[in-house]
Amino acid sequence: HPMARIERSPKRFYIHRLGCPKNDADAETMAGLLTAQGLVSTEDSARADVCIVNTCGFIGDAKKESLDAVLDLVATRRPEQRVIVASCLYQRYGKQLVSEIPEVDAWIGTGAVDRVVDALDASPGEGRQYHEGEVFLARADTPRVTLGDGLVSYVKIGDGCDRRCAFCAIPLFKGSQRSRSGALILPEVADLSAKGTREIVLVAQDTSAWGRDLNPPERLPALLASLDTVPGYAWLRLLYLYPDRIDEALLEQIATQARLLPYFDLPMQHAADAVLTRMRRGTSRAALEDCIGRIRARIPEAVLRSAFIVGFPGETEDDFLELCDFVDEMAMDNVGVFTFSEEEGTAAMDMDGAVEPEERERRRDELMDIQASVSEARLAARVDTHLDILVESEEWADDVEPDGEGPVAFLGRFYGQAPDVDGVVFLRLEEGVAKPRPGDLVRARIEDSLDYDLFAVLEADE
């Protein structure tokens with residue numbers, strides 16, 4: 001009888017989420033599949049009957065974090081508790097992990113997310129493996145359950161990557177780009193919006209290349225226009241837009257579609273031509289500057305974010321100083337800086353000109369200091385302006401106060417702050433102002449700023 005299996009199956013599941021937003025989308029798909037089988041999500045791993053670690057296998061620090069999470073769970077598990085390890089770490093290291101951690105009951109690769117229900121039948125310590133492809137793209141009938149407060153939802157519009165950057169291992173275990181069709185994305189966004197999601201974030205390895213691999217090909221501006229027909233949500237955000245694919249059609253769509261945020265996440269990685277060539281980025285400093293110039297000319301209110309790698313093999317002090325000059329001169333709003341990580345199987349692994357780890361750290365700190373000054377100046381320019389703030393939580397942070405009167409009551413973000421990676425807005429209320437609820441979009445006056453965060457006040461109507 002089909003119900004017999006459910007009765008014997010675990011009742012509560014816990015998902016430990018690690019890695020990028022694409023992993024978050026896959027985690028919510030696994031949650032949807034388990035919920036459809038009658039299981040209930042819990043935030044407490046100790047109470048769960050099955051614990052799933054959704055891992056990251058990108059760079060050294062992320063791999064260590066994922067491995068530590070797996071080892072912690074198998075060390076503290078109850079005899080009847082099941083442990084499943086999913087996603088990139090297993091996809092990349094496969095049999096090596098299975099042999100080194102025999103306590104894991106089941107392993108699920110990035111292309112087999114939909115097999116999580118089957119993995120519940122694995123015997124303790126069986127080490128059952130599901131490795132059926134390189135990436136998983138949800139179908140129209142694939143259930144999804146939001147985890148957390150559900151105010152922000154990441155929608156995976158594709159995965160894999162056609163680029164072969166020298167430092168990146170992702171194509172080695174995720175393969176080439178594969179896009180989901182707009183016919184699959186639209187109903188998922190509509191469902192999430194109907195369930196209360198306020199910010200939809202579209203993600204892929206290369207979001208700006210979406211649809212080019214489909215037959216017939218589809219284009220990102222057309223997808224964005226179709227998503228504008230979905231009622232309910234407040235904001236639509238794009239992440240991972242490669243500079244060489246920012247064309248006039250995309251700029252026009254972002255400039256004119258009201259809920260589509262003028263936020264450009266542009267992974268640049270470096271600005272010195274010599275390093276960009278060694279990285280196999282296929283671009284130049286001049287091209288990056290041209291992209292930034294075109295964005296700001298068409299959309300003056302645009303907020304720009306990028307990420308850079310310091311200490312790449314062969315990066316000289318002059319190369320690094322050129323990068324510092326670029327970051328200072330371009331004055332982007334948000335910048336992340338990473339030290340080069342040697343990754344097995346990548347072209348950069350065997351390159352000469354290694355930079356000492358201590359020097360990598362010094363360069364990261366110096367570049368971040370430059371960006372802190374840039375960010376501080378750009379946020380200071382917003383003081384005494386009014387911005388729409390997406391309220392996320394009630395905080396009552398009595399120890400965080402602006403120059404104005406009264407403690408901060410709420411946390412939120414304005415359009416130039418992406419969730420989890422950028423700063424926040426500390427929001428206080430004037431006397432007599434009704435308390436907003438998480439998910440509300442409110443108009444507030446910016447009254448103070450820090451390096452990365454803003455203070456705002458929700459004023460009483462005069």
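**Exercise 1. How do the residues of the lining of the second largest pocket divide into nonpolar, polar and charged?**

Before we start, two notes on the model. It is a predicted model, in which local features need pLDDT of at least 70 and side-chain atom pairs count only at pLDDT 80 or more, while totals for chains, interfaces and linings use all residues. Residues are numbered from 1 along each chain as its sequence is written, and side-chain values use heavy atoms, with hydrogens and water left out.

*Solution.*

Step 1. Settle the terms. On a 1 Å grid over the protein atoms alone, a pocket is an open set of points with protein on both sides within 12 Å along at least five of seven lines, a cavity is a set of points where a 1.4 Å probe fits but cannot get out, and lining residues have an atom within 4 Å of a point. Grid points are joined across faces, edges and corners, and a volume is the space filled by probe spheres set on the points.

Step 2. Find the pocket. The second largest pocket holds about 320 Å³ of space. It is lined by 20 residues, and the closest to its centre are Asp149, Val152, Tyr154, Pro419 and Asp420.

Step 3. See which elements contribute. Helices (H or I, at least four residues) and strands (E, at least two) are DSSP runs, numbered from the N terminus. Two or more lining residues come from each of helix H2 (21-36), strand E7 (152-156) and strand E15 (386-397). E7 gives the most, with 3 residues.

Step 4. Sort by class. Ala, Val, Leu, Ile, Met, Phe, Trp, Tyr, Cys and Pro count as nonpolar, Asp, Glu, Lys and Arg as charged, and the others, Gly among them, as polar. The lining of this pocket then divides into 6 nonpolar, 5 polar and 9 charged residues.

**Exercise 2. How many cavities of 30 Å³ or more does the structure hold, and which residues line the largest cavity?**

*Solution.*

Step 1. Recall the idea. Rolling a probe the size of a water molecule over the atoms shows where empty space is left.

Step 2. Count. There are 4 cavities of 30 Å³ or more.

Step 3. Take the largest cavity, with about 90 Å³ of space. Its lining consists of Val303, Asp333, Asn334, Ser375, Arg378, Leu379, Arg382, Phe414, Gly416, Gln417, Gly423 and Tyr452. Helix H13 gives the most to this lining, with 3 residues. By class, the lining has 4 nonpolar, 5 polar and 3 charged residues.

Step 4. Move on to the second largest cavity, whose volume is about 50 Å³. Among the residues that line it are Asp26, Arg144, Lys156, Arg180 and Glu188. H2 supplies the largest share of that lining, 3 residues. The classes here are 4 nonpolar, 1 polar and 5 charged.

**Exercise 3. Which residues of helix H12 are buried, and what covers them?**

*Solution.*

Step 1. Check the length of H12 (residues 317-330). The expected span of a helix is 1.5 Å times one less than its number of residues. For the 14 residues of H12 this should give 20 Å, and the end C-alpha atoms are 20 Å apart, which agrees.

Step 2. List the buried residues, taking buried as under 20% relative accessible area, exposed as over 50% and partly exposed as in between (1.4 Å probe, protein chains only). They are Asp319, Phe320, Leu323, Cys324, Phe326, Val327 and Met330.

Step 3. Look down the axis. The arc is that of the directions from the helix axis to the C-beta atoms. The buried residues of H12 fall within an arc of 160°, so they line one face of the helix.

Step 4. Name the cover, where contact means heavy atoms within 4.5 Å. It includes helix H10 (273-279), helix H11 (285-298), strand E13 (303-310) and helix H13 (357-380).

Step 5. Step past the end: Ala331 follows H12 and has a positive phi, near 50°.

**Exercise 4. Is Glu343 buried or exposed, and which residues does it touch?**

*Solution.*

Step 1. Locate Glu343 in the loop between strand E14 (334-339) and H13.

Step 2. Read its accessibility: Glu343 is buried, with a relative accessible area of 1%.

Step 3. List its contacts. Not counting residues up to four places away in sequence, Glu343 touches Phe58, Ile59, Gly60, Lys63, Arg92, Tyr93, Phe167, Ala169 and Met349.

Step 4. Compare with Asp384, in the loop between H13 and E15. Asp384 is exposed, with a relative accessible area of 55%, and its phi is positive, near 75°.
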